[in-house]
Amino acid sequence: MGYCNDRSTGALCCDKCGASEGVRKRTCTATVLTDNTGGPRTRLRYCIPPALCAACLHELGGNAALHKDCKDRAAQCQAEYDDIERQLDAGESFAAAAWGSWHANVPDGQVGVLYRSRTARRYVLMSADDYDSSPRPVLSAVATTPWCGPDANEPPF
Ligand SMILES: [Zn+2]
Ligand SMILES: [Zn+2]
């Protein structure tokens, strides 16, 4: 992260004025609870806390003012995470890992993808164009064929 420390004392420096006295990471007041696609749901502070000295924090209007836009952005972000959780609850699967046609088991123009639902893993092939759409397609929304996976010796789930 972009923090800077005083060369001689090692103290954290203010992002704004460079002073190293009374500088703290000004923790975000907004949090989000992540979705389950990358591991257990985790509550995170919305932004990386800026390091500020007391004077600069005061000048910026205090911690609440500093993070005032974070609340709305965090709410938007939370709505997206919650929507993914709802889809997982409904049995949907999300892309967790992918292998391009550089891989011996993946035909040209295709992508091998590992999809995960709440309870299952499945390897599939799809066209590279479908995979490249943003956001990545959920399993029910894309045409796929079963795939043996990156290791041909590993049976598909
Ligand atoms: Zn400062
Ligand atoms: Zn914030």
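The model is predicted. Its chain is assigned two domains, domain 1 (24-88) and domain 2 (91-146). An open sheet of four strands, with antiparallel pairing, is also described below.

**Domains**

- The domain assignment places residues 24-88 in domain 1 and residues 91-146 in domain 2.
- Between the C-alpha centres of domain 1 and domain 2 there is a distance of 31 Å.
- Contact between the domains involves four residues of domain 1 and seven residues of domain 2.
- On the side of domain 1 that touches domain 2, two residues are nonpolar and two are polar, while no charged residues occur there.

**The four-stranded sheet**

- The strands of this open sheet follow the order β5-β6-β7-β8, and their pairing is antiparallel.
- Strands β5 (94-99) and β8 (145-146) stand at the edges; each has a single partner strand, so one side of each lacks a neighbour in the sheet.
- Strands of a sheet pair through backbone hydrogen bonds, in either a parallel or an antiparallel manner.

- Strand β6 (residues 110-116) runs antiparallel to β7 and is joined to β7 by seven bridges.
- A hairpin of four residues leads from β6 to β7.
- Arginine 116 has arginine 121 of β7 as its bridge partner, and glutamine 110 has serine 127 of β7.
- On the other pairing of β7, two bridges link β7 and β8 in the antiparallel sense.
- Leucine 125 has threonine 145, in β8, as its bridge partner.

**Arginine 122**

- Arginine 122 belongs to strand β7, which covers residues 121-127.
- Is arginine 122 buried or partly exposed? Arginine 122 counts as partly exposed because 17 C-beta neighbours lie inside 10 Å, whereas a buried residue would need 20 or more.
- Arginine 122 and cysteine 148 are 26 residues apart along the chain, and their C-alpha atoms are separated by 9.3 Å.

**Alanine 11**

- Alanine 11 lies in the segment before β1 (24-25).
- With 13 other C-beta atoms within 10 Å, alanine 11 is partly exposed; a residue with 12 or fewer would be exposed.
- Leaving aside residues up to four places away in sequence, alanine 11 touches Asn5, Asp6, Ser20 and Val23.
- How far apart in space are alanine 11 and serine 101, C-alpha to C-alpha? The distance is 49 Å, and alanine 11 and serine 101 are 90 residues apart in sequence.

Notes. Residues numbered from 1 in each chain as written. Chains lettered and ligands numbered in written order. Predicted model: local features only at pLDDT ≥ 70, side-chain atom pairs only at ≥ 80, totals over all residues. Domains from an automatic or database assignment. Contact = placed C-beta atoms within 7 Å. Nonpolar A, V, L, I, M, F, W, Y, C, P; charged D, E, K, R; others polar. Pairing = 2+ DSSP bridges.
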